[in-house]
There are 2 protein chains.
Amino acid sequence: MRARLLDATLELIIEQGWSNTSTQKICQRAGVSRGAQTHHFPTRESLLIASVREMVNRHQRHIDEQLDQSEVKFTLEDFFAFLWDATFNDDLLTIWVEAMVAARSDAGLATVVRDTDKIAITAMRNIASRSTSKTPAVVDELGATVADLIELTIYLLRGMVVQAGVHKAGADRRRLFELWRNLLGPSLRGFS
Amino acid sequence: MRARLLDATLELIIEQGWSNTSTQKICQRAGVSRGAQTHHFPTRESLLIASVREMVNRHQRHIDEQLDQSEVKFTLEDFFAFLWDATFNDDLLTIWVEAMVAARSDAGLATVVRDTDKIAITAMRNIASRSTSKTPAVVDELGATVADLIELTIYLLRGMVVQAGVHKAGADRRRLFELWRNLLGPSLRGFS
DNA sequence: ATTTACAAACAGTTTGGTCTGTATGTTAAT
DNA sequence: ATTAACATACAGACCAAACTGTTTGTAAAT
């Protein structure tokens with residue numbers, strides 16, 4: 001029942017956006033009474049936050065499985081492919097951007113988002129470290145670290161997600177992302 | 001009176017976000033009766049859209065002035081500095097991101113945003129062409145064009161804006177952006 | 001005299017949160 | 001073994017607030 005509520009919430013955030021996701025719509029879609037909802041989640045905010053947390057957790061578990069599987073061979077190519085998938089073959093980042101934008105004008109939500117965001121970014125770093133050599137220190141003469149490049153890439157993808165919300169066609173985005181990966185090539189060479 | 005409404009609208013979008021910007025609040029802040037508001041802008045959407053248009057136009061005028069002034073000396077460094085300013089020393093992009101995210105779940109708004117977005121991006125391209133040599137064709141062996149690099153940069157900045165909404169501190173963002181500029185350097189070398 | 005600019009009340013809907021009620025346990029006492 | 005006390009999970013009505021859009025009214029201007 002909790003699960004049904006969380007699922008319905010995520011669906012609605014995707015379809016109608018953060019602010020158009022009301023508790024009433026959620027209950028209707030989940031086939032749950034409003035009473036049951038308030039029992040499990042006394043406020044709207046707690047429900048939305050819980051749903052986002054749930055999604056992040058699911059994704060995290062999914063990642064862990066995938067990592068445990070491939071164990072050895074995990075190149076930088078793989079890492080970029082992974083980032084792309086997580087961004088555009090999944091609604092994770094769309095929901096996350098919705099949450100971040102909503103958090104800008106909601107102090108309570110902002111603290112939650114801040115914390116989860118840091119966790120997510122360091123998770124990315126850890127994944128990347130599996131595809132690089134042991135010490136992810138300075139990479140090139142510019143003073144860039146692998147962490148920096150990952151952070152830039154994440155920002156880029158977020159910007160692309162915002163764009164994708166309006167311009168559905170994505171062939172060009174794909175090309176641009178590969179271009180970016182190639183631009184990073186020189187800085188990352190010697191690592192993979 | 002129209003102007004007062006538009007100003008109040010933009011202020012509220014900044015402070016409280018797109019969806020929390022109601023016509024009532026706008027009227028209250030602008031010191032305008034609700035009757036006057038409905039006279040000039042019959043629907044909420046028309047008012048919000050008009051305010052965004054107004055902001056884009058103001059910015060455009062501002063750009064034109066600045067360009068007419070500097071006329072000759074306008075390097076790529078200048079261009080990146082300009083982009084940074086337009087992004088973080090101005091609320092333009094914050095509002096624009098709010099609009100884009102809202103447009104994802106509002107078909108009517110989406111068409112407006114799409115059009116304005118294309119105009120804005122080509123405007124950026126034109127500005128950049130003032131700092132590059134005449135033919136902005138393929139730049140390097142990767143097949144990147146100047147337009148591609150600009151588009152990537154705009155996406156990056158959008159992602160950073162989303163981030164900035166939650167993490168106010170921006171020293172690190174500044175550093176990352178300069179790193180980005182330097183990464184693009186090799187591809188742009190020979191142009192400025 | 002007719003259009004324009006503004007004012008203000010109103011209607012209808014939607015919202016989030018509260019409140020009361022009910023059914024199903026579960027524990028503890030006798 | 002039965003009863004009393006309490007907790008949990010759900011249902012649904014209710015409410016005050018906020019919202020958008022409409023409508024009616026008024027004053028000024030051309």
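**Close-up views of the model**

**Where helix H1 meets helix H6 in chain A.** A:Leu10, A:Ile13 and A:Ile14 of H1(A) meet A:Thr94, A:Ile95 and A:Glu98 of H6(A) (contact: C-beta atoms, placed from the backbone, within 7 Å; helices are DSSP runs of H or I with at least four residues, strands runs of E with at least two, numbered from the N terminus). The residues of this contact comprise four nonpolar, one polar and one charged (nonpolar: Ala, Val, Leu, Ile, Met, Phe, Trp, Tyr, Cys, Pro; charged: Asp, Glu, Lys, Arg; polar: the others, Gly among them). H1 spans residues 2–16 and H6 residues 92–103 of chain A, and the two pack at about 80 degrees with their axes 10 Å apart (axes are lines fitted to C-alpha atoms, for helices over the stretch in contact; angles run from 0 to 180 degrees between N-to-C directions). H1(A) is therefore roughly perpendicular to H6(A) (65 to 115 degrees; under 35 is roughly parallel, over 145 roughly antiparallel, the rest oblique).

This is a predicted model, in which local features need pLDDT of at least 70, side-chain atom pairs count only at pLDDT 80 or more, and totals for chains, interfaces and linings use all residues. Residues are numbered from 1 along each chain as its sequence is written, while chains are lettered from A and ligands numbered from 1 in the order in which they are written.

**Chain A on its own.** Here you can follow nine helices and zero strands, in the order α-α-α-α-α-α-α-α-α along the sequence. Chain A has 192 residues, of which 35% count as buried (20 or more other C-beta atoms, placed from the backbone, within 10 Å of its own; exposed: 12 or fewer; partly exposed: in between). Take the contacts in chain A between residues at least 6 apart in sequence: 66% of them join residues at least 24 apart. The mean pLDDT of chain A is 87, with 90% of its residues at 70 or more (pLDDT: the predictor's confidence in each residue, from 0 to 100). Confidence in chain A is highest in H6(A), at a mean of 96, and lowest in H5(A), residues 76–88, at 86.

**The contact of chain A with chain B.** Chain A brings 38 residues to this contact and chain B brings 39. On the side of chain A, H6, H7 (107–129), H8 (146–166) and H9 (171–188) are the elements that give two or more residues. H8(A) gives the most, with 13 residues. By class, this side of chain A holds 20 nonpolar, eleven polar and seven charged residues.

**The surroundings of DNA strand C.** H3(B) has the largest share, five residues. The surface near DNA strand C has four nonpolar, ten polar and four charged residues.

**The surroundings of DNA strand D.** Around DNA strand D there are 18 residues, and A:Ser33, A:Gly35, A:Ala36, B:Ser22 and B:Arg44 come nearest. At least two residues each come from H3 of chain A and from H2 (23–30) and H3 of chain B. The largest share, five residues, belongs to H3(A). Sorted by class, the surface near DNA strand D includes four nonpolar, ten polar and four charged residues.

**B:Phe80 and B:Arg181.** B:Phe80 sits in helix H5 (residues 76–88) of chain B. It counts as partly exposed because it has 19 C-beta neighbours inside 10 Å. B:Phe80 and B:Arg181 are 7.5 Å apart in space, C-alpha to C-alpha, though 101 residues apart in sequence.

Definitions and conventions: Contact = placed C-beta atoms within 7 Å. Near = placed C-beta within 6 Å.
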